[in-house]
Amino acid sequence: MRKQIWQSLYGEGLEQAIEVPELASSVKATQSRAKANADIYESIFPFIPSNYLYKKIEKLK
């Protein structure tokens with residue numbers, strides 16, 4: 001079940017990370033994909049509140 005959920009969340013290209021999630025390279029790969037997905041989501045829906053307040057504060061400086 002975990003593999004199916006992760007596959008739907010992360011898409012293609014993270015097969016090794018999904019199969020062997022405990023590897024440091026797998027953790028980095030999933031974190032990188034999650035950040036990229038979050039950035040895309042926030043660029044499409046900027047009006048929805050997010051947890052990335054620090055980014056908005058940095059832009060004001």
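This note covers the salt bridges and a nonpolar surface patch in a predicted model.

1. Ground rules. Local features need pLDDT of at least 70, side-chain atom pairs count only at pLDDT 80 or more, and totals for chains, interfaces and linings use all residues. Residues are numbered from 1 along each chain as its sequence is written, and side-chain values use heavy atoms, with hydrogens and water left out.

2. Salt bridges. The structure holds two. The term means a side-chain nitrogen of Lys or Arg within 4 Å of a carboxyl oxygen of Asp or Glu. Side chains of opposite charge can pair when their charged atoms come close.

3. K3 and E19. Their closest N and O atoms are 3.1 Å apart. This pair links distant parts of the chain: K3 sits in helix α1 (residues 2-10) and E19 in helix α2 (residues 15-19), 16 residues apart. Helices are DSSP runs (H or I, at least four residues), numbered from the N terminus. K3 is partly exposed, at 38% relative accessibility; that class lies between buried (under 20%) and exposed (over 50%), with a 1.4 Å probe and protein chains only.

4. K35 and D39. This salt bridge spans 2.9 Å, N to O. The two residues are separated by about one helical turn because they lie four residues apart in helix α3. K35 is partly exposed at 46%. So is D39, at 27%.

5. Nonpolar patch. I40, Y41, I44, F45, F47 and I48 make a surface patch of about 600 Å². Patch residues have over 30% relative accessible area and no salt bridge, with nonpolar side chains joined within 5 Å. I48 lies in the loop between α3 (24-44) and α4 (53-60). I48 is partly exposed, at 31% relative accessibility.

Notes: Patch = residues over 30% accessible without salt bridge, like charges linked within 9 Å, V, L, I, M, F, W, Y side chains within 5 Å. Areas by Shrake-Rupley, 256 points an atom, 1.4 Å probe, with all protein chains shown as cover.
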